[in-house]
Amino acid sequence: MRHEIKTALIWAGIYMATEIGIVLAGYSHDPNVHVIAFGVNSLCLLLAVAISIVSNFNKKKHEGISLVVDLKTGIKTSAIYALTIACFLLVYYKWIDPEYPEIRKKQWIEMTETAKFQEGVDQTIRNNPDMYYGKSSEDIRDNEQEGINMLLNPNKVFLISLLALLVLGMFYSFLVTAFNRLVLAKLG
């Protein structure tokens, strides 16, 4: 198996094990834990991309490896990682924790009905009256709730997470390649 694929699958496995651990520990419905899980997901993607680029560069630097090869390695790793995690999230939302989307919808909807949310919407309308002309804070709250219901559909979660991880992976590939070429290559 190619190094890029193996690295992506190892780090995807670490993230998936983290999510399964959260479910087994009983914290899967805590919104704060999912913020941490998102951070772990982003960190795993960054580490997968960084390890694949740096190890490929170190293995082939005597052959005069080009910048394009580094980027291709990082993007290939991030694509495998993104596809693996998007499939896992689809399975997670459909079979591992199927009640999570409903619970999360209720949590978000309850959040949109708080006085703090209402104050924020009113402030937004006051700051930009032209954009919200003819809309009340209740209209904005209703639109927000409709968006919440649409976003937590497992099929949409698959697509959104796949696209977000691909874009993030490409950004990480450029970032790590630049850091590797400008800093690490000069140190070693």
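**Salt bridges, cysteines and surface patches in a predicted model**

K106 is placed in helix α4, helices here being DSSP runs of H or I of at least four residues, and strands runs of E of at least two, numbered from the N terminus. The structure is a predicted model, in which local features need pLDDT of at least 70 and side-chain atom pairs count only at pLDDT 80 or more, while totals for chains, interfaces and linings use all residues. Residues are numbered from 1 along each chain as its sequence is written, and side-chain values use heavy atoms, with hydrogens and water left out.

With a relative accessible area of 53%, K106 is exposed; the classes are buried (under 20% relative accessible area), exposed (over 50%) and partly exposed (in between), computed with a 1.4 Å probe and protein chains only. The C-alpha atoms of K106 and Q145 are separated by 9.6 Å, and the two residues are 39 residues apart along the chain. I109 is also found in helix α4, which spans residues 100-112. For I109 the relative accessible area is 22%, and this residue is therefore classed as partly exposed.

Charge pairing was examined next. Side chains of opposite charge can pair when their charged atoms come close. The structure holds 2 salt bridges, a salt bridge being a side-chain nitrogen of Lys or Arg within 4 Å of a carboxyl oxygen of Asp or Glu. One of them joins R181 to D70, with an N to O distance of 2.8 Å. Because R181 lies in helix α7 and D70 in helix α3, this pair ties together parts that are 111 residues apart in sequence. R181 is partly exposed, at a relative accessible area of 21%, whereas D70 is buried, at 0%. D70 also takes part in a contact in space with T177: the C-alpha atoms of these residues lie 6.2 Å apart, although 107 residues separate them in sequence.

A salt bridge is also formed between E4 and R2, whose closest N and O atoms are 3.1 Å apart. In this pair E4 is buried, with 5% relative accessibility, while R2 is partly exposed, with a relative accessible area of 46%.

The cysteines were considered in turn. A search of the whole structure finds 0 disulfides, a disulfide being a pair of cysteine sulfur atoms within 2.5 Å. For C44, the closest cysteine sulfur is that of C87, at 17 Å, which is too far for a bond. The sulfur of C87 likewise has that of C44 as its closest cysteine sulfur, at 17 Å. C44 is buried, at 4% relative accessibility, whereas C87 is partly exposed, with a relative accessible area of 36%.

Two surface patches complete the description. Patches are made of residues with over 30% relative accessible area and no salt bridge, like charges being joined within 9 Å and nonpolar side chains (Val, Leu, Ile, Met, Phe, Trp, Tyr) within 5 Å. The areas come from the Shrake-Rupley method with a 1.4 Å probe, and for residues only the protein chains shown count as cover. A positive patch is formed by K6, K59, K60, K72 and K76. Helices α2 (31-60) and α3 (67-96) are the elements that give two or more residues to this patch. Lys and Arg count as positive and Asp and Glu as negative, with His and the chain ends not counted; the place of a charge is taken as NZ of Lys, CZ of Arg, CG of Asp or CD of Glu. K60 belongs to helix α2 and is partly exposed, at 30% relative accessibility.

A nonpolar surface patch of about 500 Å² is made by F179, L182, V183, L184 and L187. Of these residues, L184 lies in helix α7 and is partly exposed, with a relative accessible area of 33%. A164 is likewise found in helix α7, which covers residues 154-187. A164 is partly exposed, with a relative accessible area of 45%. The C-alpha atoms of A164 and G21 are separated by 23 Å, the two residues being 143 residues apart along the chain.
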